[in-house]
Amino acid sequence: MIVLSKTLLEIKNLTTSFRIGEEYYAAVDDVSLELKENEVLAIVGESGSGKSATAFSIMGLHNRAKIEGEITFKGRDIANLPPSKINKIRGKEMSMIFQDPLTALNPLMEIGRQIGEVLLLHNSEMSKAKRREYSIELLDRVGIPRPDRVVDQFPHELSGGMRQRVVIAIAIANKPELLIADEPTTALDVTIQAQILDLIRELKDDLNSGVILITHDLGVVAEMADRVAVMYAGQIVELADVESLFVNPQHPYTKSLLSSVPATEYAQDRLHVIQGIVPSLQNLPREGCRFRSRIPWMDESVHEEDPKLHEISPGHHVRCTCYQHFYFPEESKEEQTNGVT
Amino acid sequence: MWKFIVRRLIITMPQIVVLSLFVFILASLMPGDALSGQIDPNISRDAIDEMRERLGMNDPWYIQYKDWVVGAVQGDFGDSFRFKMPVTDLIWGRIINTFWLSLVSVIFIYAIGLPLGIISGRYNDRLIDQVITGYTYLGFATPLFIFALVTLWVFGFHFGWFPTGGSVAPGLEPGSMEYILSKLHHLLLPGLSIALIGVVGTVQYLRSEIIDTKQKDFILLARAKGAPESRVYNRHIFRNSVLPIAAFFGYEITMLISGSVFVERIYSYPGMGNLFIESILLRDYSVVTALVLLFGLAAIIGALLSDIILSIVDPRIRIK
C-alpha cells in the first residue's frame, strides 16, 4: 500500500522546551520522525504527552519556546525560521486543522473573508471577487451545502461540524503539501467524526499531501494512519506501521492504551486503567524509563538505564527494554505470553 | 439588525414612562411647593389657597402628572426660584458648556486610552506594561476631586498656565477667534483632569481583552494562515478586543450632557453638574426635577446607543 515516495518532512532530534520560572523544561524531548508524500502519520498519546507541542513546533506556532534539532521540510530546515519566512510557508505549503472548530474561527468575520484571507496572504494579486468565487468553490469542495449562502454567514450561524469543514477549507485553500490535523474530531459528535475523517482522507489523496494526524483516539488511528508514533512524556516510545502496532504492540504504554479501549468482540467486565497520571512538565522523570512510575509492579531491573529506541523489526521501534518483560498486573507472571526472557 | 434596533427602541418607551413617574413622585414628596417660598408674607392664607386651587395643586395626582408631562414634553419645566427664569432656558445655557467639556474629555480618554491599552495588552508583563498598569492602579486609587484640586493648584494657580474658573474670559465677542480660543483654554485643564483619571477603566478593559483574545484559537489559526503579526493584531485581536469599549461608548455619550459634578464644581465651570449641585443646595426644586429627568433620559439613551453600537460591531448580538 505504501508506495516508495519522496520524503516530505524529516524531524531530527527535535527538542522543544518551555520556560517555567528560571528553567527550561522539554515538552518534546529528542523526537525524530519522517513523513513521506501521501502518507498519514498518526501521533498518539495522552494529554501532555507532547504530541501537540510537536505539531506546533513544526508549524512554528510556539510563542517563546526554545526549539532545538532539525525540521527539514521539502529539503530546507524550517526550525527557528524568522516570522517573515515561516509566514510564507504557513498556510501555503503546510497548514493546520485545529481541535475545536467552535473557537477556531474569528467570530466577527464572515466565512468568506476568513477563507479569502488565507488566499490573499499567499497571492496578493487575487481580486476580491475571485477570492469570493474560490471560497465558494472550496466550501463546496469540503461538502458544505449552499456554499453561496454560507460564504456570507458568520461562524455562530453554523454547526460544529460545518465549522470544522470551514477550518478544513481554510487549511486546503492553497493546496498544502503537509497537513497537520490536531485532534480534528475530538470536539465533534461521533456521526460527524467519520464524515470529517473521510473528508480529510479524500483531500489528502487529491492533493497528494502528507498528513500528520494527532489524536488520542485509537479508532481514528486504525481508520486513517499508515504509520503510528506513540508518544509518552515528550518521547516517542513506539514507532511502527499501523498493522504491526495493532497486531503486535510492544511497549507497555502501547499495550496499556490498546487494552483500555473497549473491545466489541467479547464482553469485558472492566477496562484496563493505566495507573497514576501523566507527570507535569516540571516533574517529568528525566532519567531512566519515563513510563516506569506507571507500571510500579514491574521490577526496576527490567528498565534500561538510558532508554533508547530499539529497532525490533524493520520499521518497528520500541523504547527501553522493559517491553520484553512486561505483563499486566491482572495476569500472573507465568501466563505471560509475550515476553522474550 | 433593523429589527433588533426597532425592538430595542420599543423597550425604551416603558423605561421612559417609569422614569417620568419616578421623578414626578420624588418631586411631590419634596416639602413645600412653588407657592411656599415665592409669596409675599402679607398675602392672606385664603388667597394662597385660592391660587393653589387655580394652579391645579389640589387636583388628584394623575391630573397633576398629566399636566406635568404635557408641560415637560413641550419643554416647560416651570421657572427656577433662584434665577427667576424658565428652567429650559437655564439648562440650555449650561448644557452647551458641559457638552464641550465632556467632548474634550472623551476625546482625551480615547486618544490616551486606546494606545495605552493596546501597548499594555500586546506587551503584557513586560516593563512597558508594568508602567502602564501601575498608572492605572494609581488612577483607580486617586479620587477625581482630589486630582482635580491638585491639577488646579499646580497648573492653574502655581504656574498660572490655565484659568482657574469659568468657561470663557469676560469681555470677548462671542464667535470671534479669541472667544473660541479662550473657551478651549478654559476646557483643557478640567478636560485633561477628567480624562487622566477616567481613562484607567478603558486601559484596563482593553488590556485584559487583548490578553484574553491573544490566546484564542482563532488567533492561532490566523498565524497558521501565515498572517504577519501586524495583521494578526489589527484584523483579529484588536477588532475582537474593542467590543466592550465600543459598548461603553454609548455611556460616554451620556456623559456629554450630564457632565462631571466634581470637576465642574472645583473649576467653577458653569455646566450641568455644577447647576445640579447648586440647585440641590438652594432647594431649587423645579430645576432639580428637570435635571433628574434629563439625566435619567440620558442614561436610557446611553444604554440604547450602547446596544445599537454593540449590534453593529458584533454580529452575534443581532437578532434574526
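Visitor: What does A:Ala169 touch, not counting residues up to four places away in sequence?
Guide: A:Ala169 touches A:Ile115, A:Leu138, A:Leu139, A:Arg141 and A:Val142, with residues up to four places away in sequence left out. Two residues are in contact if their C-beta atoms, placed from the backbone, lie within 7 Å. Bear in mind that this is a predicted model, where local features need pLDDT of at least 70, side-chain atom pairs count only at pLDDT 80 or more, and totals for chains, interfaces and linings use all residues. Residues are numbered from 1 along each chain as its sequence is written, while chains are lettered from A and ligands numbered from 1 in the order in which they are written.

Visitor: What makes a set of residues a nonpolar core?
Guide: The set must consist of buried Ala, Val, Leu, Ile, Met, Phe, Trp, Tyr and Cys residues joined through C-beta atoms within 7 Å. Buried means that 20 or more other C-beta atoms, placed from the backbone, lie within 10 Å of a residue's own; 12 or fewer makes it exposed, and anything in between partly exposed. The largest such core has 126 residues, and A:Ala42, A:Ala169 and A:Ile180 have the most contacts inside it. Its largest share, 11 residues, comes from helix α7 (residues 177-214) of chain B. Apart from it lies another core of 15 residues, including B:Leu275 and B:Tyr285.

Visitor: Which residues of helix α12 of chain B are buried?
Guide: In α12 (residues 272-281) they are B:Met272, B:Gly273, B:Asn274, B:Leu275, B:Phe276 and B:Ser279. These buried residues pack against α4 (87-122), α10 (243-258), α11 (261-266) and α13 (285-313) of chain B. After α12(B) comes B:Arg283, with a positive phi near 55 degrees. In chain B, 31% of the 320 residues count as buried.

Visitor: How many helices and strands does chain B have?
Guide: Chain B has 13 helices and zero strands. Helices (H or I, at least four residues) and strands (E, at least two) are DSSP runs, numbered from the N terminus.

Visitor: How do you know that the span of α3(B) is close to what is expected?
Guide: The expected span is 1.5 Å times one less than the number of residues. Helix α3 (residues 61-73) of chain B has 13 residues and reaches 18 Å from its first C-alpha to its last, close to the 18 Å expected.

Visitor: Why are β2 and β5 of chain A said to stand at the edges?
Guide: Two strands pair if DSSP finds at least two bridges between them. The open sheet has the order β2-β1-β4-β5 in chain A, with antiparallel pairing. β2 (23-36) and β5 (76-77) each have a single partner strand, so one side of each is left without a neighbour in the sheet.

Visitor: What makes β1(A) and β2(A) a pair?
Guide: They share 10 bridges in the antiparallel sense, and at least two are needed. A:Leu9 has A:Leu35 in β2(A) as its bridge partner. In their hairpin, with two residues between the strands, A:Gly21 takes a positive phi near 65 degrees.

Visitor: How many residues of chain B are in contact with chain A?
Guide: On chain B, 18 residues are in contact with 25 residues of chain A. α8(B) gives the largest share of that side of chain B, six residues.
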